[in-house]
Amino acid sequence: MSAAPTSSDAVTNAAGAAGATVVEAVHLFPTTMNTYGDRGNVAALTRRAALRGLTVRWHAVELGDEPPARCDLVFMGGGQDRVQHAAAADLARLRPWLEAVIADGGVVFAVCAGLQLLGRRYVAADGSELPGLGLLDLETLAARPGEWRLIGNVVADVPELDATGTHLLVGFENHGGRTFLGEARPLGHVRLGFGNNGRDGGEGVDAGRLIATYLHGPVLPKNAWLTDHLLALAVAHAGGGALAALDHPREDAAQREAVLVAERDAARRSRGRRFARLRRRSDR
């Protein structure tokens with residue numbers, strides 16, 4: 001099984017040669033599920049591990065491939081609607097393996113279509129259903145005629161994910177489906193943007209060892225705290241200790257810029273809505 005290439009391979013391999021903890025990580029469907037630069041999440045995880053002298057050894061698992069027996073971390077990105085059927089069929093084959101990874105204490109992180117496929121089902125606009133894995137208590141409904149795609153920059157508050165308090169989550173969403181959670185808990189609460197469905201204010205899913213979000217960008221380089229949270233879970237599963245503290249000024253700067261962009265987008269949408277209301281009144 002080939003390892004997913006990253007810019008940090010040399011640093012990572014040097015750390016591995018020194019006998020550091022090795023995190024075995026799987027990138028599910030890296031060719032077909034890689035919308036909006038989601039592969040950058042692999043680079044962020046690898047880099048922040050390497051800066052601590054830790055190794056993340058990636059295994060690229062494409063459609064039909066067999067995953068490694070041992071796995072500490074699984075990542076799956078987003079993909080176009082047309083590839084979700086193929087991914088769903090292969091995920092059904094991989095379900096026992098994924099369930100075993102989660103039951104053993106491994107961590108799974110999914111983005112956008114990955115989030116949808118881990119739920120119970122995706123209901124298309126024509127009423128047809130695409131079965132999901134049912135690992136998350138949620139379902140996704142395709143946009144109905146006349147409904148807009150949910151597109152734009154998001155700012156959300158994430159409380160109680162770990163012992164370090166509330167975090168800020170930023171990223172870019174672009175999805176037609178509306179996801180509704182059952183007993184599952186949202187990852188964050190939207191301050192700016194649409195979130196899972198544009199109605200209830202939730203963004204993503206936090207199911208402990210299984211975390212999912214609609215945010216691209218990619219999301220992890222702008223949210224170092226989330227990168228480190230996923231790493232901490234994976235390193236602990238791999239038998240390592242607590243993560244060393246690590247500054248992240250560049251990531252913080254990227255996050256601040258993302259907040260400014262989201263605020264500008266929100267102000268622009270607000271002006272547009274006010275103009276539309278005035279226009280409708282003048283046309284009466």
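Modeller: The protein has six helices and 14 strands. Helices (H or I, at least four residues) and strands (E, at least two) are DSSP runs, numbered from the N terminus. This is a predicted model, where local features need pLDDT of at least 70 and side-chain atom pairs count only at pLDDT 80 or more, while totals for chains, interfaces and linings use all residues. Residues are numbered from 1 along each chain as its sequence is written, and side-chain values use heavy atoms, with hydrogens and water left out.

Biologist: How many of the residues count as buried, and what makes a residue buried?

Modeller: Buried means under 20% relative accessible area, exposed means over 50%, and partly exposed lies in between (1.4 Å probe, protein chains only). Of the 284 residues, 48% count as buried.

Biologist: What is the accessible surface of the protein?

Modeller: About 12900 Å², and 54% of that belongs to carbon and sulfur atoms. The areas come from the Shrake-Rupley method with a 1.4 Å probe; for residues, only the protein chains shown count as cover.

Biologist: Why is the pair Glu24 and Arg57 called a salt bridge?

Modeller: A salt bridge needs a side-chain nitrogen of Lys or Arg within 4 Å of a carboxyl oxygen of Asp or Glu. The closest N and O atoms of Glu24 and Arg57 are 2.4 Å apart, so the pair meets the definition. Glu24 lies in strand β1 (residues 22–28) and Arg57 in strand β2 (residues 55–61), so the bridge ties together parts 33 residues apart in sequence.

Biologist: Is Glu24 buried or exposed? And what is Arg57?

Modeller: Glu24 has a relative accessible area of 8%, so it is buried. Arg57 stands at 42%, so it counts as partly exposed.

Biologist: How do you know that Arg93 and Glu66 form a salt bridge?

Modeller: Their closest N and O atoms are 3.0 Å apart. That is within the limit, so the name applies. Arg93 sits in helix α3 (residues 81–103), and Glu66 in the loop between β2 and β3 (73–76), 27 residues apart. Glu66 has a relative accessible area of 52%, so it is exposed. Arg93, at 34%, counts as partly exposed.

Biologist: What makes Arg191 and Asp157 a salt bridge?

Modeller: The N to O distance is 2.6 Å. Arg191 is in strand β11 (residues 188–192) and Asp157 in strand β8 (residues 150–158), 34 residues apart. Arg191 is partly exposed at 48%. Asp157 is partly exposed at 24%. The structure holds 19 salt bridges. Some share partners, joining Arg120, Arg121, Glu129, Asp137 and Glu139 into one network.

Biologist: How do you know that β1 and β2 pair?

Modeller: Two strands pair if DSSP finds at least two bridges between them. Seven bridges join β1 to β2, so they pair, and the two run parallel.

Biologist: Why is the crossover from β1 to β2 called right-handed?

Modeller: View the strands pointing away from you: a crossover is right-handed if the path from the first strand over the helix to the second runs clockwise. The chain crosses from β1 through helix α2 (residues 40–50) to β2, and this β-α-β crossover is right-handed. β3, α3 and β4 also make a right-handed β-α-β unit.

Biologist: What makes β4 largely enclosed?

Modeller: In strand β4 (residues 107–111), five of the five residues are buried, so the rest of the structure largely encloses it. Val107, Phe109 and Val111 on one side, and Val108 and Ala110 on the other, are all buried. In a regular strand the side chains alternate between the two faces of the sheet.

Biologist: Which strands pair with β4?

Modeller: β3 pairs with it in the parallel sense over four bridges. Strand β14 (residues 210–213) also pairs with β4 in the parallel sense, over four bridges. Met76 has Ala110 as its bridge partner, and Val111 has Thr213.

Biologist: What makes the span of helix α5 close to the expected one?

Modeller: The expected span is 1.5 Å times one less than the number of residues. Helix α5 (residues 224–237) has 14 residues and reaches 20 Å from its first C-alpha to its last, close to the 20 Å expected. 11 of its 14 residues are buried, so α5 is largely enclosed by the rest of the structure.
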